[in-house]
Amino acid sequence: MNYVSTRGKAPVLGFEETMLSGLARDGGLYVPETVPQMSAGDIRALHGLPYEEVAFRVMRPFVADAFDDDTFGSLIENAYRGFGHVARAPLVQLAPGHFLAELFHGPTLAFKDFAMQLIGQMFEEALKRRGDRVTIVGATSGDTGSAAIEAFRGLDAVDVFILYPHGRVSEVQRRQMTTPVEENVHAIALDGHFDDCQARLKDMFNHFEFRDEVRLAGVNSINWGRVLAQVVYYFSSAVALGAPERSVSFTVPTGNFGDIFAGYIAKRMGLPIDKLVVATNQNDILDRCLRSGAYETAGVAPSISPSMDIQVSSNFERALFDAYGRDGAAVAQLMDELKAGGFHVSQGALEKLREDFTSGCASEEETLATIARAHQTMGELLCPHSAVGVKVAEEHLDPAVPMVTLATAHPAKFPDAVERATGIRPPLPERMADLFERPERMTRAENDLGALETLIKDRIPL
Ligand SMILES: *Cc1c(COP(=O)(O)O)cnc(C)c1O
């Protein structure tokens, strides 16, 4: 199983190297050279299986010889053991033909735990086997960082540095990053917004001397291993609603395009997915792009769904790569134009994108109104990200095709917005009820590549 870069110039790698390196050396993102297929019979055979078994069958061909069957099976078991719901990704019904996939039962209460917990297990196993050590640096708008710190805390072969935008993450998110006591995890509060964090991270990956010296590894949603782990719940949800006999649509609260790209991979594998609906908040570059073809950055406006406050949506590059007929040079050119402010998707590529993706956006008022209405009429407390999804999904319902909206975080992770909309302050689950009493530990840093690299080198054993 080989992985190739979306910019066509980096070496072709196997699964393990792809996962350990994160970003390709030509600045691109790794994608599978060919997508493994699941037949209708393979999909039918998933009916009634535990989540872990579905995960094994869906991911096995992508992982190939990186892990043997027994090892891979036990990594999956360990990854999902800490979840607070035995179904892992349970479905609840919101309305006729509209379902919610609750992806927030992991240890940090957001869907990122699905991928990060598994990546933590896979990194540890692969590095142990190689006698190797890596430095993981991640950029976060809140949820990736908490999920990464939770997944990697205390591991021997890994130091983790998480860059988050100072003052722009929720208090629960921040505390999940700053309260773990393990010495190998480092929360860095950067003066800037999320796109600055992401840009400095990319700079580090493109600074090869630093990259090689600290053995830099990435676990942002550009890491192929993360996308892969997220493919699984598209299968488990669709099968529960009647696939492969019935098609299913999904609406995905979207920021960096990682989660919805996983849905696209599920579709390419053979899962009968009708629509993949991109739901954005007021930071709507993806919605505008799918409507007009113009991918133009417009500055980030902080919102009540901060994990989607993104203007440069990294994983969109993977979708563009396919839409441009896997032409790495064409993608590299678009990414150069993006540095100067934006690009126009060609008419042919836009038509390709629209075969799989459609989109919508929700304003702040619409998001709050949806939280209130879902509480009153559906008995469901939604986090603001999930509410963006529900609002946009309702504009795309089709009586013939069930719609699944992904609920990406637990309402207690964003209690201020939920309280504003409903008057109810959702409590944290019992297992993390003391979060607000634990002491915090973080480092403030300026938005400067050299300063960040020095900080990291000072903290790791070189
Ligand atoms: C990360 C995140 C998103 C956006 O997911 P992408 O894969 O970046 O599109 C949406 N909601 C929540 C709660 C998140 O943490």
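Which residues lie nearest the centre of the largest cavity? In this predicted model, a search of the whole structure finds three cavities of 30 Å³ or more, and the largest of them has a volume of about 280 Å³. The lining of the largest cavity is made up of 25 residues, and those that lie nearest its centre are Phe111, Lys112, Gly255, Asn256 and Ser307. Two or more lining residues are contributed by each of helix 6 (143-152), helix 10 (224-240) and helix 11 (258-269). When the lining of the largest cavity is divided by class, 13 residues are polar, eight are nonpolar and four are charged.

The largest cavity is also the space taken by the ligand. The ligand is surrounded by 15 residues, the closest of which are Lys112, Asp143, Gly255, Asn256 and Thr408. Within this shell, seven residues are polar, five are nonpolar and three are charged.

For Asp143, a polar side-chain atom lies 2.4 Å from an oxygen atom of the ligand, whereas for Asn256 a polar backbone atom is found 2.7 Å from a ligand oxygen atom. Gly258 likewise takes part through its backbone, with an N or O atom that lies 3.2 Å from an oxygen atom of the ligand. On its own, the ligand has 380 Å² of accessible area, and the protein covers 98% of this area.

Notes
Residues numbered from 1 in each chain as written. Predicted model: local features only at pLDDT ≥ 70, side-chain atom pairs only at ≥ 80, totals over all residues. Heavy atoms only, no water. 1 Å grid on protein atoms, 1.4 Å probe; cavity = no way out; pocket = protein on both sides within 12 Å on 5 of 7 lines; lining within 4 Å. Points joined across faces, edges and corners; volume = space filled by probe spheres on them. Helix = DSSP H or I, 4+ residues; strand = E, 2+ residues; numbered from the N terminus. Nonpolar A, V, L, I, M, F, W, Y, C, P; charged D, E, K, R; others polar. Near = heavy atom within 4 Å. Polar contact = N/O pair within 3.5 Å; in protein donor to acceptor, adjacent residues only side chain to side chain. Areas by Shrake-Rupley, 256 points an atom, 1.4 Å probe, with all protein chains shown as cover. Sits in = over half its atoms within 2 Å of the grid points.
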